Amino acid sequence: MKKLLALVLSLLLLFSAAAESTTAESVDALKAEIARLRAELETLQARLDLYRDPSVVAIFDGGFITFDEAYDEYQYLVELYAMFYGEDLNALTDEAREVQLDLLQQMVAEKLVNAHLEAEGVQLLTDEETAALRAQAAEAYEVHKSQEPADDTTLEEFTEAYLNEAMSNAALEHVAGDVTVTDEDVRALYDEALARDKEYYEANPQDYGFEALYGDSPITWIPEGYRRVRLLLVPFDDELSAKYDEYLIAEYDAIDDAAIAAAQQGKTDVLALLKPQAEAVRARLDAGETFEALLAEYNTGAEQMGETGEAQGFALSADSLYFSDTIEAAAMALKAPGDVSDAVPCDWGYVFIEYMNDIPSGPVAFENLRETFAQNARTDALYRQYDEKVAQWLEA
């Protein structure tokens with residue numbers, strides 16, 4: 001508003017100066033300046049109109065964001081928050097406000113970057129790169145549908161998300177420009193992670209197995225008592241699986257001891273129908289067939305439980321949280337690497353457990369993680385430079 005008033009005053013002064021001017025050159029110069037100020041005044045007036053528009057939630061130099069645009073993105077974050085934390089984000093006023101502000105900042109930054117790239121005539125991906133990415137997306141989509149057949153995401157939606165991610169990465173590289181990462185930077189990042197992991201896993205050793213399987217950050221310190229195992233599953237067929245799930249749900253919903261006992265007996269009865277197949281696998285192991293060969297034949301051991309871990313196995317201890325107490329007890333009872341358990345009942349059928357090796361506790365050597373931390377350090381540097389450039393554009 002102050003700038004708008006200042007422009008109006010400037011125009012008034014220029015009109016007064018124009019009235020007193022006597023030379024053609026000075027009149028032309030004043031007219032040009034008046035035209036420039038009028039254009040700037042119109043721009044500021046348009047921005048003021050946007051500020052008054054209730055459908056606009058953010059304004060920046062060169063554009064704005066409407067409520068409808070932001071609402072869809074925010075609702076997606078609300079759903080994620082409920083999924084991960086089990087709470088309604090909208091009921092948490094301070095947290096919701098923080099998420100909304102962060103979202104608007106991200107959306108403004110993205111639009112601002114796109115506007116600058118368009119003005120510069122930058123093509124982030126060549127036609128050949130786009131075609132190759134579309135082919136990769138089609139292959140990834142087939143894998144995704146085989147693993148998640150109930151997901152109704154279309155190939156077009158999947159491909160668009162795939163291309164958007166590639167475009168975002170290319171924009172990050174272009175805007176950030178060249179980055180330099182030293183060995184000292186990499187080592188410092190590792191040391192920070194080591195101190196953090198040591199403190200956390202000393203206090204929460206039971207979490208290591210889950211984080212090793214699902215975490216997206218390299219783990220630099222390992223608590224004591226963990227061993228690596230592989231799992232060979234003899235799974236229910238579709239009919240038995242459906243029946244077992246009925247009893248599983250009934251046990252969960254039971255409100256008295258009798259109902260719980262009936263549901264548990266039902267699960268036991270279903271497992272008994274699968275027991276001959278598990279005994280046949282045990283007989284093959286006793287006859288000398290290798291665990292590796294049977295894994296290759298069944299090839300569903302870990303996949304049924306959420307991850308394919310046949311090759312690398314699972315980190316497990318007496319106190320880990322990922323598997324049932326029954327599976328953990330059977331795994332920890334094995335005496336030496338190479339030992340295989342008897343058939344252990346679980347919610348997917350019967351599982352045989354192979355003791356692979358003990359996992360050394362303590363710090364993971366820096367050299368074993370150097371490449372990962374070098375990539376992470378470069379990514380951190382890219383985002384720092386990217387954020388600095390966007391901040392400069394916002395202030396311009």
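Colleague: Which element gives the largest share of the lining of the largest pocket?

Modeller: Start with the general idea. Rolling a probe the size of a water molecule over the atoms shows where empty space is left. Now the case here, in a predicted model. Helix α4 supplies eleven lining residues, the largest share.

Colleague: What volume does the largest pocket have?

Modeller: About 1200 Å³. Its lining counts 28 residues, and the closest to the centre are Glu73, Gln106, Met107, Glu110 and Ser168.

Colleague: How does the lining of the largest pocket divide by class?

Modeller: Into 16 nonpolar, five polar and seven charged residues.

Colleague: And the second largest pocket: how much space lies in it?

Modeller: About 410 Å³. Here 17 residues form the lining, with Arg196, Asp197, Asp216, Ser217 and Pro218 nearest the centre. Two or more lining residues come from each of α7 (183–203), α8 (208–214) and α13.

Colleague: Which of the elements gives the most to that lining?

Modeller: Helix α7, with seven residues. By class, the lining of the second largest pocket holds nine nonpolar, three polar and five charged residues.

Colleague: Turn to the packing. Which residues have the most contacts inside the largest nonpolar core?

Modeller: A core is read as buried nonpolar residues joined through side-chain atoms within 4.5 Å. In this model the largest has 27 residues, and Ile65, Val113, Tyr386 and Val390 have the most contacts inside it. Strand β1 (56–60) and helices α3, α4, α6 and α13 each give two or more residues to this core. Helix α4 has the largest share, nine residues.

Colleague: Take valine 113. What is it in contact with, leaving aside neighbours within four places in sequence?

Modeller: Ala171, Val175, Tyr386, Val390 and Trp393. There is also a second, separate core of 18 residues, with Val186, Val364, Phe366 and Phe373 among them.

Colleague: Now confidence. Where is it lowest and where highest?

Modeller: Read pLDDT as the predictor's confidence in each residue, from 0 to 100. The chain averages 82, and 81% of the residues score at least 70. Helix α1 (residues 2–20) is lowest, at a mean of 45, while strand β8 (residues 362–363) is highest, at 97.

How values were computed
Residues are numbered from 1 along each chain as its sequence is written. This is a predicted model: local features need pLDDT of at least 70, side-chain atom pairs count only at pLDDT 80 or more; totals for chains, interfaces and linings use all residues. Side-chain values use heavy atoms; hydrogens and water are left out. On a 1 Å grid over the protein atoms alone, a cavity is a set of points where a 1.4 Å probe fits but cannot get out, and a pocket is an open set with protein on both sides within 12 Å along at least five of seven lines; lining residues have an atom within 4 Å of a point. Grid points are joined across faces, edges and corners, and a volume is the space filled by probe spheres set on the points. Helices (H or I, at least four residues) and strands (E, at least two) are DSSP runs, numbered from the N terminus. Ala, Val, Leu, Ile, Met, Phe, Trp, Tyr, Cys and Pro count as nonpolar, Asp, Glu, Lys and Arg as charged, and the others, Gly among them, as polar. Buried means under 20% relative accessible area, exposed over 50%, partly exposed in between (1.4 Å probe, protein chains only). Contact means heavy atoms within 4.5 Å.
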